[in-house]
Amino acid sequence: VVENGAAALELLKNAIPAGASANTGHSTSLVVFAPFLFSLTIRVIEIGFVEHLKVQTAWDNIHGKQLAETDPAKKAALAHQGITPNYFVVGASAITKTGEIVSGDLTGTRVNGILGADNVILLVGANKIVADEAAGLDRLHTFCHAVESARSRIVYKVAGSYVNNVVVVRGANPWGAPGRIHVVIVKE
């Protein structure tokens with residue numbers, strides 16, 4: 001648990017060791033962008049991790065390589081590597097008081113690394129804590145979908161977004177690596 005976005009950014013910078021491969025799933029919690037106005041007030045934690053990832057040299061930035069690659073076959077290979085990096089940093093749609101992590105998206109960029117990465121760091125605002133899995137799924141399908149659809153209309157000039165992929169993590173793999181998933185809750 002950290003106090004604010006600045007503390008979260010420092011924690012993330014120190015959590016990933018030099019030489020590790022790192023990738024992110026789309027998350028407004030991780031990026032800094034000019035706030036936009038809707039009839040709905042949108043509060044995001046804009047910590048600047050994606051911007052840091054672009055300029056740092058200690059990690060193997062898979063997402064950056066994928067964006068820069070022009071050869072379709074190489075780009076596809078990098079996309080596959082992005083599912084299984086040493087560290088995958090992303091937000092979540094909800095964290096429940098009963099211990100579940102609920103996440104969903106349109107294309108898989110937010111959920112694929114949760115399942116495949118060696119280590120997952122989930123950055124979530126305290127406002128995303130809900131009572132239980134049902135409340136988490138409700139938050140995903142109502143609030144998160146509405147906000148992402150509004151953002152998609154502005155950024156991508158499309159009709160909206162969809163919840164095509166949903167991951168609910170209810171516990172750790174008993175045969176997997178303990179401590180693989182880390183949740184950073186930002187109080188601010």
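Biologist: Where is K157 found?
Modeller: K157 is in the loop between α6 and β8 (165-169); helices (H or I, at least four residues) and strands (E, at least two) are DSSP runs, numbered from the N terminus. Before we go on: this is a predicted model, where local features need pLDDT of at least 70, side-chain atom pairs count only at pLDDT 80 or more, and totals for chains, interfaces and linings use all residues. Residues are numbered from 1 along each chain as its sequence is written, and side-chain values use heavy atoms, with hydrogens and water left out.

Biologist: OK. What phi does K157 have?
Modeller: A positive one, about 60°, although K157 is not a glycine. In general, most residues other than glycine have a negative phi.

Biologist: And is K157 buried or exposed?
Modeller: K157 counts as exposed because its relative accessibility is 67%. The cut-offs are under 20% relative accessible area for buried, over 50% for exposed and partly exposed in between (1.4 Å probe, protein chains only).

Biologist: Which residues make the nonpolar surface patch?
Modeller: I154, V155, Y156 and V158, giving about 340 Å². Patch residues have over 30% relative accessible area and no salt bridge; like charges are joined within 9 Å, and nonpolar side chains (Val, Leu, Ile, Met, Phe, Trp, Tyr) within 5 Å. The areas come from the Shrake-Rupley method with a 1.4 Å probe, and for residues only the protein chains shown count as cover. I154 is in helix α6 (residues 133-156) and, at 36% relative accessibility, is partly exposed.

Biologist: Switching topic, how many salt bridges are there?
Modeller: The structure has 5, counting a side-chain nitrogen of Lys or Arg within 4 Å of a carboxyl oxygen of Asp or Glu. One of them joins K187 and E3, at 2.9 Å from N to O. That pair links distant parts of the chain, 184 residues apart: K187 is in the segment after β9 (181-186), and E3 is in the segment before α1 (5-15).

Biologist: Which residue forms a salt bridge with E148?
Modeller: R151 does, with the closest N and O atoms 2.8 Å apart. E148 is partly exposed at 23% relative accessibility, while R151 is buried at 8%.

Biologist: What about the sheet, what order do the strands take?
Modeller: It's an open sheet of 5 strands, β2-β1-β3-β6-β9, with parallel pairing. Two strands pair if DSSP finds at least two bridges between them. β2 (60-61) and β9 are at the edges with a single partner strand each, so one side of each has no neighbour in the sheet. Further in, β3 (residues 87-90) and β6 (residues 119-125) pair over 4 bridges, and V90 has L122 as its bridge partner in β6.

Biologist: Which residues touch the most other members in the largest nonpolar core?
Modeller: I16, I47, F49 and I121, out of 17 residues. A core here is a set of buried Ala, Val, Leu, Ile, Met, Phe, Trp, Tyr and Cys residues joined through side-chain atoms within 4.5 Å. α1, α2 (49-55), β3, β6 and β9 each give two or more residues to this core, and the largest share, 3 residues, comes from α1.

Biologist: Where do V90 and L122 go, then?
Modeller: Into a second, separate core of 14 residues, which also includes V124 and V167.
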